[in-house]
Amino acid sequence: MMMNAGSFWSTFGVRFGAQASAIETLLQRDSFTLQQLLDEEDVIQECKYMNHQLVDYLAQPDVIEQLIRYCVELPENLEEKEERVLRYPYVASELFACEVMSMLDVVLENERILKLLFSFLDQPSPIDPGASGYFRKVMVVLIQRKYDALVQYIQKHPEIITKMVNHIGLYSIMELLIMIGWDDGSENVGDVTWLYHEGLVAKLVDQLRPEMESVEGVHVNAARALVDVVVKFPPEQPNLLVTHLQSQPIVEKLFQHMFSGSMSCLTNCLSVITVLVQRNASQIMMQEQEEQERAEFEAAAQNAAKESGNDSDDDNSNDKDKQETNQDPSGPGASDDDDNDDDKNKNTNKNNTNNNNTSSTDDGKTNGDDGENKTAAAAAAASSEATAKDPPALINLIRTHLPKFYELLGDNKSIQSPALVQQYGVLDPPLGETRMKVCELFLVLFRSNYESIFDALIEMKALDKIVDLFFEYQWNNMLHGLVENIIHTVLECKYEPVKHSLFGDARLIQRIVETSRRVRAEEQEMKANMDAVHTGKRYLRPGFMGHLIRVSEDLRSSDDPVLATYLEDEEWTVFTETTLTDELMRQQIQLGGHRPTTSYTESDDDVMQFNHMLTSHSPDLGSGSSDGDGNGGGGGGLNGSGDGGGMDDGYDTDGASSTGSLDHGEKSSIDTSLDSMIDDFAADFESGFDDVTGAWGEQSGQLASDWAQFDDFDDDDDDDDDDDSDDARGDDRNG
C-alpha cells in the first residue's frame, strides 16, 4: 500500500489502545544513529507502510551509502557482534526490497553509491554465499524497477560483466547475469547486442576449461547460463549470442574442453552441445513445415485458378450456343445461301464449343493431377533439400567425434562411478550422468534429419547399444523414458535405413517378446512357490515393462510398410493377441473398483446406502430372530429381519423375542421418526455442515427422549419375560 502516512501503529493501533511506536519516538529525537534504527523490530514494517519520516531519513545519500555498505562489505573480523555480521546486512537488504522509489533513485543517481554496490564483485573467490544473497536482493530490486538506468551504467562500465563471469560459480551471480542480460523475470527479452560486443559467450565458454574444475559450481553455472541463452530465444527469433555460440571457433573450443579428460567438462559441455543440436533440429522442422505449407498453398491456388478459367470458358461457350439457337429465320422467302451460311456458322460455333469444352475438361483433369503431384513433389523436395544441404559446423564436428561418444556408452572404466547399493540390490556399475547425457545427444541427433549423421549412427550400431542399456538398467526410469522417445523418433523418421537398424540390428521386436515371456514365466513361478508366499515375498516386474507396453501398442497400431515386414513374426502375433491384450485390458480397470460419487445429490442410491449404514450399525435399533435350538438372531435393523449366529440370551424357548410383547404402535412411531430424521439429515448435508450439525443435534435429542420412554416401558415387560426365561433355562438344564 503506497501512501504517505504516519507510523503503522499510530494509525491502526489506536483502536487497540496502542501508544506511539518506538520508531516514531526514535525519529523525533534530536540525534540518533542508523544502528539504533536498524535494531528496532518494526523498522521493515514501517518502511513498507511508507512512514514518511522514516522514508525521508532512509532516502538520504549518506544513509543509503551506509546501507549499501552493510550489504556488500563483510567485516574483516567475523567474530564481531552478531548485529554487524547478520542483522544489519539482512535488515538493510530488506529495506531496499520494500521498493521505495525515493531510495532507489538515490542509488542510481549517485555514481559513488553504484561504484560501492558493484565493488562487491572485486572480492577474490570464493565469496560467502550468504553475503552474495544480500547483494543479489538489492540488485534484483534495481533490475525490476530501474532496469534501463542500471543497464546504461553497466554498459558504461563493461568490466562489471567480466567480474560477474569470474564469479559465475555463485548461483546468485549467475541469476543476476541472466536477469541483466536477457531475462529480467518479466518475460521481456532485452537487446543483447551489447553483450555480444562484450564477448559474453566466449567468456562463459572459457570458464568451461578443465583448469576451473577445482572451483565449485563454475562449470555447472557457466553451462547453465549458455543453455539458458539457447532456450530463452526461440529458433525463429535471430539472436547474436546464439549465433556466436554456434560459430565454428566457439564450437571447436567446446569440443576441445569436452575431450580434455575432465569429467566435469565432458558432462557440462555435452549439455550445451545437446541444446544447440535440438535448436538446429527445430529450425529444420520449421523450414520443412513452411516449405510444405507454401507448396500446398501454391498448388491450391493454381487449381483454383484453373477451375475458375474452366468455368468462364464453359459460360462463354454456352452463351454462344444460346445466341445461335435463339436466332429466328429470315422468313419463308429466305435465300438458300443465307441458310447455308447460318448452318456453316452454327457448325463452326458448335465445333469450337466442343473443342473448347474438351480442351478445358482435359486441362482441368491434367492440372488437378499435376497440382497433387506438385504438392507431394514439393514436400519431398523440401525434405530432401533440408537433409541434403550442407550441415553446419556443429553437426560436422559431432559426426567426426561420434566414435568417441559411442565409446562412452560402453563399459568405459574412465567414466564409471562406484557401485551403488539400492533397495533392489547392488548396481555395479551405475549408468552415470555421462552416459545419460550421451543418450540425450543421440536423441536430438535422430531428430536432426541429417542423413550423414544417420549413416554414421547406423554404421556403429548405436541403436543396438541404446536398447541394451534399456534392458540392462531395468529400474532407471529416466533412461527408459529417453529410449522410448528415441524409438518414437525413429518410427516417425522418413529415412528407412534407420528403421531397419532399430528392428533389424537392435532386434527390438524380438527383445520385447522374449522379455515379456521371461517376465511372465518368472511371475508365475513366484506365485507357484508357496515358500515365497509364506515369507511375504512377491514378484516385482522390471521397471521398464510399462514403457514396453506403450511401445508395443504403438507398434501394433502402426501402418508403416517398413515396419509391417517385421511385424509378420508369428511370436509377435501371439504376443499381441494374448499378453499385450490382457495387459491393456488390465490397465483399463479403475483402481479400487467403482468410482465413488462426490456428493449425495448425484445419486439417490447414495442416500439409501447412508440410511442403511446408520440403521445396520446401531446396536439398539434392531433385534434378530432365533430358532428354537438356541441360535441367536442377527441384527436385522428396525424390521427385525436378518441372519446371524450367537447366544440366545433374552429369548424364550419358543424362539420369540423378548421384545415381542412390546407396543408395536409406539415402535412404529419411533421408526417413522428415525426415518424422517435421516431424510432431513441427508437434505441438510447438501446445504452445509453447520446446518446438518444443528438439525442432527436437535432431532437426536428428541430421539434420545423417545428411546428413554421406550426403555422404561421395555423394562417392565422384560421382568416378566426374564422369569419365564429363567424357568425355561431350568427346564433345559434338567433336561
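Start by selecting R69 and E65: they sit four residues apart in helix α6 (residues 61–72), so about one helical turn separates them. Helices here are DSSP runs of H or I, at least four residues long, numbered from the N terminus. An α-helix has 3.6 residues a turn, so residues three or four places apart point the same way.

Before going further, note that this is a predicted model: local features need pLDDT of at least 70, side-chain atom pairs count only at pLDDT 80 or more, and totals for chains, interfaces and linings use all residues. Residues are numbered from 1 along each chain as its sequence is written, and side-chain values use heavy atoms, with hydrogens and water left out.

Now show the side chains. R69 and E65 form a salt bridge, with the closest N and O atoms 3.0 Å apart; the rule asks for a side-chain nitrogen of Lys or Arg within 4 Å of a carboxyl oxygen of Asp or Glu. E65 is buried at 15% relative accessible area, while R69 is partly exposed at 26%.

Next, pick K146 and D105, whose side chains meet in a salt bridge at 2.8 Å, N to O. This pair links distant parts of the chain, 41 residues apart: K146 is in the loop between α10 (129–145) and α11 (147–156), and D105 is in helix α8 (residues 101–109).

Then go to D122 and K163, another salt bridge, at 2.6 Å from N to O. D122 lies in the loop between α9 (111–118) and α10, and K163 in helix α12 (residues 159–166). In total, the structure holds 22 salt bridges.

Select residues 218–232 for helix α16. Eleven of its 15 residues are buried, so the rest of the structure largely encloses α16. Among the buried ones are H219, N221 and D228.

Last stop: select V467, F470, F471, V483, E484, I487, L508, H547, L548 and V551, which line the largest cavity. Helices α24 (462–472), α25 (477–492) and α29 (545–557) each supply at least two residues of that lining.

Key: Buried < 20%, exposed > 50% of the residue type's maximum accessible area, 1.4 Å probe, protein only. 1 Å grid on protein atoms, 1.4 Å probe; cavity = no way out; pocket = protein on both sides within 12 Å on 5 of 7 lines; lining within 4 Å.
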